[in-house]
Amino acid sequence: MKIFCIGRNYADHIKELSNAIPDAPVIFMKPDTALLKDSEPFYHPSFSDDIHYEVELVIRINRVGKKIQQEYAPKYYQEIGLGIDFTARDIQSIQKQKGLPWEIAKGFDGSAPIGSFIMLEKIKDIKNINFSLHINGIAVQHGNSNLMINSFDFMIHYISQYFTLKVGDLIFTGTPAGVGKVSIGDVLEGFIEGEKMLHCEVK
Ligand code: MG
């Protein structure tokens, strides 16, 4: 399976990192060894002093497709959940300055915890999904899918122009503002519409 991530998909987060609004979706990938499931802990790597949390809505692909037209994209995903796009911000900043790829800052082991998924039919309006991240019980990030620059359907259309989508592939759809550093001992909890979907401890 493949993990696709969309960068710079919320204007307020683009602003907090002083990035430019992209003219096309920013796509990067994480390997399957980045995945943490079932509340597995995240072991803070020693190569970074500035690991950031980024809570994101995650959709799961449920059929094979390539070059998918946007109008047919809803047939390719049925479930949504939350994930954390852990980022070694210190390493990413150096890579960005040098114009080099981000993989070591974004795709390292354990950098993609995911929580449980719910069927989209249980969600009233997928263009209006509230989600949030709490750390040690304190809310640090709030997002709503209505603030995404690229919709779920457009992301599927766009990614599938370049990569064949397969069953089980995940798309991390970008983070809202409020990203910050994690420390050993932190407990991260993610919520969709107030319902707990994700739990991850930093060890
Ligand atoms: Mg992200």
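Q: Is Cys-200 buried or exposed?
A: Buried means under 20% relative accessible area, exposed over 50%, and partly exposed in between, with a 1.4 Å probe and protein chains only. Cys-200 has 0% relative accessibility, so it counts as buried. Cys-5 is also at 0% relative accessibility and counts as buried. This is a predicted model, in which local features need pLDDT of at least 70 and side-chain atom pairs count only at pLDDT 80 or more, while totals for chains, interfaces and linings use all residues. Residues are numbered from 1 along each chain as its sequence is written, and side-chain values use heavy atoms, with hydrogens and water left out.

Q: How many disulfides does a search of the whole structure find?
A: A disulfide is a pair of cysteine sulfur atoms within 2.5 Å. The search finds zero. The sulfur of Cys-5 has its closest cysteine sulfur in Cys-200, 15 Å away, which is too far for a bond.

Q: What is the order of the strands in the open sheet of four?
A: Strands of a sheet pair through backbone hydrogen bonds, either parallel or antiparallel. Strands (E, at least two residues) are DSSP runs, numbered from the N terminus, and two strands pair if DSSP finds at least two bridges between them. Here the order is β10-β9-β13-β14, with antiparallel pairing. β10 (138-144) and β14 (195-201) stand at the edges with a single partner strand each, so one side of each has no neighbour in the sheet. From one strand to the next, the twist averages 20 degrees; axes are lines fitted to C-alpha atoms, and angles run from 0 to 180 degrees between N-to-C directions.

Q: Where is Ser-132 placed, and which residue is its bridge partner in β10?
A: Ser-132 lies in strand β9 (residues 130-135). β9 pairs with β10 in the antiparallel sense over six bridges, and the partner of Ser-132 in β10 is His-142. Ser-132 is buried, with a relative accessible area of 10%.

Q: Which residues is Ser-132 in contact with, leaving aside its neighbours within four places in sequence?
A: Contact means heavy atoms within 4.5 Å. For Ser-132 the list includes Val-55, Leu-82, His-142 and Phe-191.

Q: In which strand is Ile-80 found?
A: Ile-80 is in strand β6 (residues 77-84). At 0% relative accessibility, Ile-80 counts as buried. Leaving aside neighbours within four places in sequence, its contacts include Leu-57, Phe-117, Phe-152 and Met-197. Ile-80 and Thr-173 are 93 residues apart in sequence and 11 Å apart in space, C-alpha to C-alpha.
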